[in-house]
Amino acid sequence: MKRRIGRISIVSAVNRLRTSRWLALFAIGAMLGASVLLIRLSLLELQDARAAPGMQAAAAVQQGLKAELPAPKPLEAEGNHFPSNEVKSQKPDLAADSNEQSEDLSTLDGLVVHVYLAKEKRVENVPLETYVRGVVAAEMPIEFELEALKAQAIAARTYIMRRMVHGDNSGVPAKGADVTDTTDHQVYVSLAELAQKWPEADLKKHMQKLNSVIAQTRGKVITYKGDPIDAAFFSTSNGYTENSEDYWNQEIPYLRSVASPWDETISPRYKETVNFSLDEFYRKLGLAKNGSAKSAIRIAEKTAGKRISKIVIGGTTFTGREVREKLGLASSQFTWRMEDGSIAITTYGYGHGVGMSQWGANGMAKAGASDDEIVAHYYSSVQVEQVTKFSEILAGRF
């Protein structure tokens, strides 16, 4: 009897072990199934964004953000240190302050940017952080370093916040809009457009990177004496940025000329040459035929950023900006060579040259600079603060 009971106990134990093993395998299978389901749901969200632009895409973006959010003056010849005018970021010291800041930042979810979509000729209401993500995706290559993308996000957020804080809707064709989605302001693309822009194989990876950029810079804006700055940026410097007054005829204290030596070695837009017949060259400049006197060209003055400030062509004085715009040049720093009835003009840099150089920012990031260091370099004497500072001014927009 005791033996039989012993055998029954052994059999029961073996059966229990078998049952436990099957239960464990079942649990593992369930977990794997749940993981696969989550991946499929993410892919379905992106597929929906491809098929349904407009409000559905905006909703997908908002949900995607919530799901993905994780809780130069020239360099000295001897070294690679970064400038000493460090950005003063507001960082709470206590856990209680951190919790309070998180609560304050949650109010950003209700802050909406009214974007005029030029092609569709309508206004779309976009959550602030979603808007910033769309600007970063449109204005800077996703392959850029993370810290450069973060600096771009801070600049983009600052640009729109300045307009909103000051009630500036200049250049917007529709009543109630804050900004357009064009180069007149900042280029913005929706999630649906991104789904078409990027190869399907890279879409998830790129979206994760963008979401990380937004999460790590959430609510950050650049201020000067407590006011959001005009956070100008451009593609590629000629080795220096411009003083604002050399381009806009307005001196802005935080838009000062600084060195940007990184662009030359990494930007594909640093140098290019265009050719004109001399007839076309003078015609575009609005110069009448004056015989051989037209061939005389000389630089009369240069800017602090080493671009052409004034140039005399055929006896007429132009600003470098005027020549750039009339001829459609990439930059107002250029050299020229005349030969056989034509003129070859070689430009250095790409864009107006004021504020942050995007390729320079990427070069700084490659050299180990943080987003704050990049911001501090290209915008003089500024601070990085939270959008919540302007909550009272923007109270009517939440």
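This briefing covers a pocket, a cavity and a helix pair. The model is predicted. Its largest pocket has a volume of about 660 Å³, and its largest cavity has a volume of about 50 Å³. Helices α5 and α13 pack at an angle of about 55°.

**Largest pocket**
- The lining of the largest pocket comprises 27 residues.
- Nearest the pocket centre lie T183, H185, F233, F234 and H352.
- At least two lining residues come from each of α5 (146-165), β7 (233-234) and α12 (358-366).
- By class, 14 lining residues are nonpolar, eight are polar and five are charged.

**Helix pair α5 and α13**
- Helix α13 spans residues 371-378, and its axis runs 8 Å from that of α5.
- Angles from 65 to 115 degrees count as roughly perpendicular and those under 35 degrees as roughly parallel; α5 and α13 are therefore oblique to each other.
- Their crossing is right-handed.
- On the α5 side, the contact involves E147, A148, K150, A151 and I154. These meet D371, I374 and V375 in α13.
- By class, this contact has five nonpolar and three charged residues, with no polar ones.

**Largest cavity**
- The residues lining the largest cavity are F281, I297, I311, I313, V323, F334, W336, I343 and I345.
- Strands β10 (308-313), β12 (334-339) and β13 (342-348) each supply at least two residues of this lining.
- The cavity lining has nine nonpolar residues, no polar residues and no charged residues.

Notes: Residues numbered from 1 in each chain as written. Predicted model: local features only at pLDDT ≥ 70, side-chain atom pairs only at ≥ 80, totals over all residues. Heavy atoms only, no water. 1 Å grid on protein atoms, 1.4 Å probe; cavity = no way out; pocket = protein on both sides within 12 Å on 5 of 7 lines; lining within 4 Å. Points joined across faces, edges and corners; volume = space filled by probe spheres on them. Helix = DSSP H or I, 4+ residues; strand = E, 2+ residues; numbered from the N terminus. Nonpolar A, V, L, I, M, F, W, Y, C, P; charged D, E, K, R; others polar. Axes fitted to C-alpha atoms, helices over the stretch in contact; angles between N-to-C directions. Parallel < 35°, antiparallel > 145°, perpendicular 65-115°, else oblique. Left-handed = near helix turned anticlockwise from the far one by under 90°. Contact = heavy atoms within 4.5 Å.
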